[in-house]
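Please read the following briefing alongside the sequence and the coordinates, which are shown next.

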Amino acid sequence: MSKPDDELTQDSPRGDPWLAFGYLVAGVLLYGGVGWLLDRWWGTSFMIVIGILLGVALALYQTFARFRAPTESR
């Protein structure tokens, strides 16, 4: 069953750049914070870098998944 055109336009991704910025900042802060905590706990100094890189990668994935154009099969 297909959706009406009005419903499809409401479900389509919106190009709000602040949403993408929020994903990136939240990913860096969350996973960088987890990396910092692991560094403090384990006495290392590289987990914060891994956490920040992981946060950026997951935020980019989330941004692309959110703004990807829907595929319609009619």
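Just after helix 2, Gly43 adopts a positive phi of about 75 degrees, where helices (H or I, at least four residues) and strands (E, at least two) are DSSP runs numbered from the N terminus. This is a predicted model, in which local features need pLDDT of at least 70 and side-chain atom pairs count only at pLDDT 80 or more, whereas totals for chains, interfaces and linings use all residues. Residues are numbered from 1 along each chain as its sequence is written, and side-chain values use heavy atoms, with hydrogens and water left out.

**Overall architecture**

- The chain contains 3 helices and 0 strands, and reading along the sequence gives the pattern α-α-α.
- Of the 74 residues of the chain, 14% count as buried, buried meaning under 20% relative accessible area, exposed over 50%, and partly exposed in between (1.4 Å probe, protein chains only).
- Among the contacts in the chain with a separation of 6 or more, 64% are accounted for by residues 24 or more positions apart, a contact being heavy atoms within 4.5 Å.

**Helix 2**

- Helix 2 has 26 residues and reaches 37 Å from its first C-alpha to its last, close to the 38 Å expected at 1.5 Å a residue; the expected span is 1.5 Å times one less than the number of residues.
- The residues Ala20, Gly27, Gly32, Gly35 and Asp39 are buried in helix 2, and the buried residues of this helix pack against helix 3.

**Helix 3**

- The buried residues of helix 3 are Met47, Gly51, Gly55, Ala59 and Thr63; seen down the helix axis they fall within an arc of 135 degrees, so they line one face of the helix, the arc being that of the directions from the helix axis to the C-beta atoms.
- An α-helix has 3.6 residues a turn, so residues three or four places apart point the same way.
- On the other side of helix 3, Leu53, Tyr61 and Phe64 are exposed, while what covers the buried residues of helix 3 includes helix 2.

- Met47 lies in helix 3 and counts as buried at 14% relative accessibility.
- Although Met47 and Gly35 are 12 residues apart in sequence, their C-alpha atoms are 4.6 Å apart in space; not counting residues up to four places away in sequence, Met47 touches Gly35, Leu38, Asp39 and Trp42.
- Thr63 is also found in helix 3, which covers residues 47–67, and Thr63 counts as buried at 12% relative accessibility.
- With residues up to four places away in sequence left out, Thr63 touches Ala20 and Tyr23.

**Surface**

- The chain exposes about 6,100 Å², of which carbon and sulfur atoms supply 66%; accessible areas come from the Shrake-Rupley method with a 1.4 Å probe, and for residues only the protein chains shown count as cover.
- Trp18, Phe21, Val25 and Leu29 make a nonpolar surface patch of about 480 Å².
- Patches are made of residues with over 30% relative accessible area and no salt bridge, like charges being joined within 9 Å and nonpolar side chains (Val, Leu, Ile, Met, Phe, Trp, Tyr) within 5 Å; a salt bridge is a side-chain nitrogen of Lys or Arg within 4 Å of a carboxyl oxygen of Asp or Glu.
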